[in-house]
Amino acid sequence: MDGSSKNVLERQQYSRERAAELIEYVRGKGKILILTHDNPDPDALAAAVALQLLILWKTGQEALIAFGGVVGRGENRVMVQELEIATHCIHDLDLDCFKVVCLVDTQPGTGNNSWPIERPVDVVIDHHPIRPLTEDSPFVDIRELYGASATILFEYLKTCEISINTKLATILYYAIKSETQDLGREWSRADREAYLYLLPLANNRILYDITRPQVPASYFTAFSRALENTRLYGNVLVFNLFDIDHPDIVAELADFLLRWEGVEHVLGMGQHQGMEVLSFRTSNTDTRADRVIRDVLQDMGTSGGHGMMAGGQIHRCERDREEQLSLERLLTRRLLKTLDVPLEVANPMLAE
């Protein structure tokens, strides 16, 4: 049941009931783990922090937040530092000691989180399309029409009358702001209400620091590499970063290059520690990005996303430069076939 289409009172009642059900499920069960997807973005981190607070206030139990990978994007690193978000690497934990496992902004079997697929998951809260393995979890709250997982957790806190302090408001606000591109992409009425409620509570100085972080020289090198390895096929842009320091840069550059005049679809890729990372973006509201990336990857890897943004991974695929180019050509052919775009290449960097 998706709460986005309901009126305000119905949504509030629905979130109040779901929050109460969740609280009763975790109460007294022992150690709790809250896991986000690998290399978490602001939405995943904000949802995790809000869930952690909800559990603490209502049960007195402390939950631990963890993920695989790194917080790589400059804005996200500043957010974690400024807002003092305590996290752990899942690979440093004894997973057997946790009696309740919660996934936020991700689901079992998606391939984008480090929770072993053979282990059970108790709680799943997400705004992506539901996956088959998710239905095996005792508590599931999937709201596909919501623009952010943080909005779901915001409604939990608000209907449970839990005070939202400045730091938490800033985390939640920035999560919704970044996930929906300031309510310009895949937002719902629920996201807008949360956004407007949180805005006057957020810390403007911290928001300024988050959106204008200091970045290393390698950040600009990645931009240069993306432009050097960009190919245009009509209204489709494909770029390859080859070897990258952190996976987040692919999505960041996909968002950036979608602003290219005449471009409606962007596919970016890069190799990180033996894994090929893909990011797909579209400005065409009739295109289902999650389906496009699934058709591009087929049986090569895992993927997930929404109507206008999606990502994927090809695991254990360490390739040299020539092999990476070969993979790029294969994925490009599949992409163009899916989008029904002819294979006519123009290099925009050389076109002027």
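## Aromatic pairs

Rings of Phe, Tyr and Trp, the last taken by its six-membered ring, count as a pair if their centres lie within 6.5 Å, and a pair whose planes are over 60 degrees apart is called edge-to-face. In this structure, which is a predicted model, a search of the whole structure finds five such aromatic pairs.

One of the five is formed by Phe-223 and Phe-256. The centres of these two rings are 5.0 Å apart and their planes stand at 65°, so the pair is edge-to-face.

Six strands, in the order 3-2-1-4-5-6, make up an open sheet whose pairing is parallel. At its edges are strand 3 (88-89) and strand 6 (139-142), each of which pairs on one side only. Within the sheet, strand 1 (residues 32-35) and strand 2 run parallel and are joined by four bridges, and Leu-33 stands opposite Leu-64, a residue of strand 2.

Helices lie against this sheet. Helix 1 (residues 8-26) lies across strand 1, strand 4 (100-104), strand 5 (123-126) and strand 6, and its direction is at about 150° to strand 6. Helix 4 (residues 149-159) also packs on the sheet, where it touches strand 5 and strand 6, and its direction makes about 115° with that of strand 5.

## Helix 4 against helix 5

Besides touching the sheet, helix 4 meets helix 5: the axes of the two helices come within 9 Å and cross at roughly 145°. From helix 4 the residues Ala-150, Thr-151, Phe-154 and Leu-157 take part, and they meet Leu-168, Leu-172, Ala-175 and Ile-176 of helix 5. Sorted by kind, the residues of this contact are seven nonpolar and one polar, with no charged residue.

## The second largest pocket

The lining as a whole divides into 11 nonpolar, three polar and three charged residues.

Another open sheet of six strands has the order 7-8-9-10-12-11, and its pairing is mixed. Strand 7 (230-233) and strand 11 (302-305) are the edge strands, each pairing on one side only. When direction is ignored, neighbouring strands of this sheet are turned by 15° against each other on average.

Strand 7 and strand 8 (residues 236-243) run antiparallel and are joined by four bridges, and the bridge partner of Thr-230 is Phe-239 in strand 8.

Technical notes. Residues numbered from 1 in each chain as written. Predicted model: local features only at pLDDT ≥ 70, side-chain atom pairs only at ≥ 80, totals over all residues. Heavy atoms only, no water. Nonpolar A, V, L, I, M, F, W, Y, C, P; charged D, E, K, R; others polar. Pairing = 2+ DSSP bridges. Contact = heavy atoms within 4.5 Å. Axes fitted to C-alpha atoms, helices over the stretch in contact; angles between N-to-C directions. Phe/Tyr/Trp six-rings, centres within 6.5 Å; stacked < 30°, edge-to-face > 60°.
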